[in-house]
Amino acid sequence: DPIRPRREGVIMQKRELGTSGITVSAVGFGAWGIGGGWGDTEDTQSVDALNTAIDLGVTFIDTAYAYGDGRSERIIGEVVRSRSEEIVVATKVPPANREWPARSETTADVAMPAGHLRSCTEESLRRLGMDSLDLQQIHVWNDRWLAEGSWLDEVAEMKSSGLIRAFGISINDHSPDSALEAVASGLIDSVQVIYNIFDQSPRDRLLPACVEHGVGVIVRVALDEGGLTGTMTADTTFPADDWRSHYFKGDRPSQVAEHVDAIVADLGIATSDLPEVALRFVLSDPAVSSVIPGMRRAANVERNVKVGDGVPLPPETLEVLARHRWVRNFYP
């Protein structure tokens with residue numbers, strides 16, 4: 001319904017996306033899951049989740065060309081076009097060689113050959129049913145690309161022609177330092193990075209650099225692909241059509257449950273309170289523009305937007321959580 005009223009009593013903080021001139025909601029909608037790959041996903045359920053998010057003050061949606069081969073973009077376009085609110089939509093251009101993450105030896109001409117950024121952007125806009133994108137991003141990254149290829153010229157041309165408003169990069173998994181040169185270059189408006197209670201490495205150099213250079217920060221995987229929801233046990237398994245069957249393979253659920261139990265015990269909280277703590281941990285850093293948890297169901301939305309007021313965790317809580325940094329990579 002295009003005239004669904006925004007729900008009263010909901011507070012959603014707005015934050016600047018660096019110096020891009022774009023304002024985003026503190027909690028954004030991560031739209032990988034509605035494209036598929038996370039088990040059974042119904043489009044009607046996804047539409048309901050998106051509408052619920054907008055009702056509750058979410059004004060930022062992040063998707064990608066590769067999420068369900070365009071399925072996520074099509075659903076988002078349908079919903080956004082039906083609403084009267086101003087919604088900031090971001091998507092991402094896949095590497096031309098379809099390699100995630102980018103290998104160190106891959107050149108810009110291989111990942112982003114001439115014309116690739118523009119053609120993917122135009123295709124995304126067709127699926128979204130829009131004339132312009134608020135934010136386009138590269139779905140993988142390597143700092144050496146700053147001096148390679150013609151992609152920067154394409155970015156400048158797309159901005160000048162109004163095809164996109166801003167441009168950013170999605171940093172490779174658990175590799176925040178791989179974008180430090182890009183942040184300092186003045187050539188990008190935002191970075192998207194993994195940052196959570198377990199992977200706190202962006203705090204070391206990336207987040208301070210983004211503040212210094214006016215680059216917006218979009219945080220993904222704040223709930224560790226579900227590991228920080230407090231619902232995982234040593235016996236947790238996922239169906240074969242859910243990519244988390246790989247991410248949480250072997251004894252990884254047991255490892256996660258052990259670390260979660262330690263966090264809960266240290267903080268003296270109920271396990272059910274962990275998702276809110278995990279999201280507030282991310283939003284407590286002033287460098288962060290928006291956190292984008294995946295939300296395939298309206299119930300997930302209603303739970304996650306509670307932190308949209310942007311109230312930070314107390315310093316003593318942050319000190320406790322700093323001790324739970326866990327260096328590991330479950331993606332391989």
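Student: Let's start with β6. Is it mostly covered or mostly open, and how many of its residues are buried?

Tutor: β6 is mostly covered, with six of its six residues buried. Buried means under 20% relative accessible area, exposed means over 50%, and partly exposed lies in between, using a 1.4 Å probe and protein chains only. Helices (H or I, at least four residues) and strands (E, at least two) are DSSP runs, numbered from the N terminus.

Student: Where do these atoms come from, and what got counted?

Tutor: This is a predicted model, where local features need pLDDT of at least 70, side-chain atom pairs count only at pLDDT 80 or more, and totals for chains, interfaces and linings use all residues. Residues are numbered from 1 along each chain as its sequence is written, and side-chain values use heavy atoms, with hydrogens and water left out.

Student: Thanks! Which strand does β5 join, and by how many bridges?

Tutor: Strand β5 (residues 88-93) is joined to strand β6 (residues 133-138) by four bridges, and the two run parallel. Two strands pair if DSSP finds at least two bridges between them. Thr91 stands opposite Gln136 in β6, and Val93 is opposite Ile138.

Student: And what about β7?

Tutor: Strand β7 (residues 164-170) also runs parallel to β6, with five bridges between them. There, Ile138 faces Ile169 of β7.

Student: What is the order of the whole sheet?

Tutor: It is an open sheet of eight strands, ordered β3-β4-β5-β6-β7-β8-β9-β10, with parallel pairing. β3 (29-30) and β10 (290-291) stand at the edges with a single partner strand each, so one side of each has no neighbour in the sheet.

Student: Where is His139, and is it buried or exposed?

Tutor: His139 sits in the loop between β6 and α5. Its relative accessibility is 13%, so His139 counts as buried.

Student: Which residues does His139 touch?

Tutor: Leaving out residues up to four places away in sequence, His139 touches Ala64, Tyr67, Lys92, Val93, Pro94, Pro95, Trp100 and Ser170. Contact means heavy atoms within 4.5 Å.

Student: Switching to helices: at what angle do α4 and α5 pack?

Tutor: Helix α4 (residues 116-128) and helix α5 (residues 151-160) pack at about 40 degrees, with their axes 8 Å apart. That makes α4 oblique to α5. Angles under 35 degrees count as roughly parallel, over 145 as roughly antiparallel, 65 to 115 as roughly perpendicular and the rest as oblique. The axes are lines fitted to C-alpha atoms, for helices over the stretch in contact, and angles run from 0 to 180 degrees between N-to-C directions.

Student: Which residues make that contact?

Tutor: From α4 they are His116, Leu117, Arg118 and Thr121, and from α5 they are Trp151, Glu154, Val155, Glu157 and Met158.

Student: How about α10: how many of its residues are buried?

Tutor: In helix α10 (residues 274-283), nine of the 10 residues are buried, so α10 is largely enclosed by the rest of the structure. Among the buried ones are Leu274, Val277 and Phe281. The elements covering them include β1 (14-16), β9 (216-220), α9 (252-267) and β10.

Student: Last one: how many helices and strands are there in the chain?

Tutor: The protein chain has 12 helices and 10 strands. Of its 332 residues, 57% are buried.
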